[in-house]
Amino acid sequence: MEAAVSHDALGTHVDWKHDGVTPRMIDWFWINMEKGFMLWHPEQHEALEWPVPPTDGNPLGAIHNAPQTWNDGRRQNLYIRFERLADVAPEIRDVIVYQHVIVTAGLGFDEEEMRRGEPMGYRIHQWEGTDYGVVGKSSGIGTRRKETVEQGKVWAAHAIQEVRNWAVFLPQLYALYRVVTDPRRNPYADLSVEGRGRNARYRYISQ
């Protein structure tokens, strides 16, 4: 895996590329996160739960509780929602340049903030296939809770390890679960989009 970190007025960005991971595997991962969340970052992740699970193969609007501790030592009991693209500000959607995307909103650290549903900020993960695997970009953008460059660096270190670990476990985990054909227990959501930037729309997901 290769990764490069940059910062701009919008936030922190990690450009990355992978050998041996496919876009379909990453699409599958987002709607099956509970199956591999601790493998994604074994040193910092705890078990993931879905207070609001995906329904009928559609992750949009689902909320997961993702307890984790970053390099700064802070344990965060994060409630995170998968966002509909139309609900995200156009200037944030402008970072979408690849063929597959998921936008997550950090809602807060307890159930009250989860129910309030007001994003502190966003993480945009996007990717597309290449001859060798995938190329992608992950962006951390603070809104209600602004993020400094130093905070962005802490998040970027965490995100790089997550993306790196996809190569360690995701091909095997995806292959193992192919025997589970019941979509209620092994759902799949195609996260490809038509258009780019603020014009991006999911091809196959109702939104």
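**View 1. The largest nonpolar core of the predicted model comprises 56 residues.** Within this core, the residues with the most contacts are I26, F29, W30, M33, W166, L170 and Y202. Helix α5, which spans residues 149-177, supplies the largest share of the core, namely 10 residues. The model shown here and in the views that follow is a predicted one. Leaving aside residues up to four places away in sequence, W166 is in contact with W16, H18, V21, I26, F29, W30, W40 and P171.

**View 2. Helix α1, formed by residues 23-31, is mostly covered.** Eight of the nine residues of this helix are buried, and these are P23, M25, I26, D27, W28, F29, W30 and I31. The charged end of R24 sits over the ring of Y188, at 4.0 Å from the centre of that ring. In a further contact between a charge and a ring, K35 lies over the face of Y177, with a distance of 5.2 Å to the ring centre.

View 3. A search of the whole structure finds 13 aromatic pairs. Among them, W28 and Y174 are arranged edge-to-face, with 5.8 Å from centre to centre and 80° between the planes. Since F29 belongs to helix α1 and W166 to helix α5, the pair ties together parts that are 137 residues apart in sequence. Both F29 and W166 are buried. Ring pairs also link W16, F29, W30, F37, W40, W50, F82, W166 and F169 into a cluster.

**View 4. Strand β6, residues 100-108, is paired with strand β5 and with strand β7.** Nine of the nine residues of β6 are buried, so the strand is largely enclosed by the rest of the structure. Strand β5, which covers residues 75-82, runs antiparallel to β6 and is joined to it by four bridges; in this pairing, I80 stands opposite G106 of β6. Strands β6 and β7 likewise run antiparallel, and seven bridges join them. One of the positions in this second pairing is V101, whose bridge partner in β7 is Q126.

**View 5. H125 is a buried residue of strand β7, which covers residues 121-129.** The relative accessible area of H125 is 7%. A polar contact of 2.9 Å joins the side chain of H125 to that of S138. When residues up to four places away in sequence are not counted, H125 touches W30, H100, V101, I102, K137 and S138.

**View 6. D56 has a positive phi although it is not a glycine.** Most residues other than glycine have a negative phi, whereas the phi of D56 is about 50°. D56 is found in the loop between β3 (49-52) and β4 (63-69). This residue is exposed, with a relative accessible area of 83%.

Conventions: Residues are numbered from 1 along each chain as its sequence is written. This is a predicted model: local features need pLDDT of at least 70, side-chain atom pairs count only at pLDDT 80 or more; totals for chains, interfaces and linings use all residues. Side-chain values use heavy atoms; hydrogens and water are left out. A nonpolar core is a set of buried Ala, Val, Leu, Ile, Met, Phe, Trp, Tyr and Cys residues joined through side-chain atoms within 4.5 Å. Buried means under 20% relative accessible area, exposed over 50%, partly exposed in between (1.4 Å probe, protein chains only). Helices (H or I, at least four residues) and strands (E, at least two) are DSSP runs, numbered from the N terminus. Contact means heavy atoms within 4.5 Å. A polar contact is a pair of N or O atoms within 3.5 Å; within protein, one must be able to donate a hydrogen and the other to accept it, and residues adjacent in sequence count only if both atoms are side-chain atoms. Rings of Phe, Tyr and Trp (its six-membered ring) pair if their centres lie within 6.5 Å; planes under 30 degrees apart count as stacked, over 60 as edge-to-face and the rest as tilted. A charge sits over a ring if NZ of Lys or CZ of Arg is within 6 Å of the ring centre and within 35 degrees of the ring normal. Two strands pair if DSSP finds at least two bridges between them.
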